[in-house]
Amino acid sequence: MPLPLAFDAVVFDLDGTLVATDRFWVDAARAGARRAFVELGLERAMPSAEEWMSVVGLPLATGFDQVFADLAPEQRRVVLARCVEEEESALRAGQAALLPGVRETLDELRARGLKLGIASNCGQGYLDSMLHELGLARWIDEARCLDSPHIRSKAGMVRDLLETFGTRSAVMVGDRRGDRDAAWENGLPHVHYARGFAAADEHVEAEAVLDDMGLLVPLLEQRGARIERALVELGGFGAHAP
């Protein structure tokens, strides 16, 4: 018999937690930047792969402000737009994929009756592609992004998901500091996925750390088992219950 999970819901980050964004983003971003540099008449070094990946998980405009701080705002907007166009082309070509262990973990969580949500600093078009073309809608009950109504931050996304699910018994799973912040602002424990896209110097505090998404369910079971043992010891559960 499976151990209890002690949660009603799990909220996931998207890129670097469920989706292997590095499979398409760097090549797409380079192609888009090359187009933009020609269009703008710019001669500028191309960002490194590490710099391109540093924007993943951030609001994209914020990430581009950091990587292209030397460009004027209008120039940055052109570069961003061309990169997004190339990314959309890559997604239409089927280049996106789930990270290892994600499919099995989502299957198990759904089978155990948990509500599943996504909170991502992406736009609605990208989110729709992940849900419907990549197939995450098969498991995900609700998803929020920066284009969702009345949403201003990832913490707001998590708050809205909790209200929609009608529970405070949830856990947030993500790979970057912003995911931790969103979880803690809502009073949720955070599980840090250490094989995601956090920068090498980006320390992410968390209640638990995973380097294999396939271990998420056993991790959640540990909390349920601890609660069950505590209730037994208090005489309120199991063999000692009245």
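Met-172 has His-190 of strand S5 as its bridge partner, and this pair belongs to a parallel pairing in which 3 bridges join strand S4 (residues 170–174) to strand S5 (residues 190–193). Two strands are taken to pair if DSSP finds at least two bridges between them, while strands (E, at least two residues) and helices (H or I, at least four) are DSSP runs numbered from the N terminus. The model is predicted, with local features requiring pLDDT of at least 70 and side-chain atom pairs pLDDT 80 or more, whereas totals for chains, interfaces and linings use all residues. Residues are numbered from 1 along each chain as its sequence is written, and side-chain values use heavy atoms, with hydrogens and water left out.

The open sheet consists of 6 strands in the order S3-S2-S1-S4-S5-S6, with parallel pairing. Strands S3 and S6 stand at the edges with a single partner strand each, so one side of each lacks a neighbour in the sheet. From one strand to the next the twist averages 20 degrees. Helix H7 (residues 154–165) packs on the sheet, touching S1, S2, S3 and S4, and its direction makes about 160 degrees with that of S2; contact means heavy atoms within 4.5 Å.

Two packed helices are described by the angle between their axes and the distance between the axes. Helices H1 and H4 (residues 73–92) pack at about 135 degrees, with their axes 7 Å apart, where axes are lines fitted to C-alpha atoms, for helices over the stretch in contact, and angles run from 0 to 180 degrees between N-to-C directions. That makes H1 oblique to H4, since angles under 35 degrees count as roughly parallel, over 145 as roughly antiparallel, 65 to 115 as roughly perpendicular and the rest as oblique. Among the residues making the contact are Trp-25 and Phe-37 of H1 and Val-78 and Arg-82 of H4.

The two nonpolar cores (sets of buried Ala, Val, Leu, Ile, Met, Phe, Trp, Tyr and Cys residues joined through side-chain atoms within 4.5 Å) are set out below.

| Core | Size | Members include |
|---|---|---|
| Largest | 58 residues | Phe-12, Leu-14, Trp-25, Leu-109, Leu-136 |
| Second, separate | 15 residues | Val-11, Ala-119, Ile-151, Leu-161 |

Thr-21 lies in the loop between S1 and H1 and, at 2% relative accessibility, counts as buried, a term that means under 20% relative accessible area, with exposed over 50% and partly exposed in between (1.4 Å probe, protein chains only). Leaving aside neighbours within four places in sequence, Thr-21 is in contact with Asp-15, Gly-16, Val-56, Tyr-126 and Phe-197.
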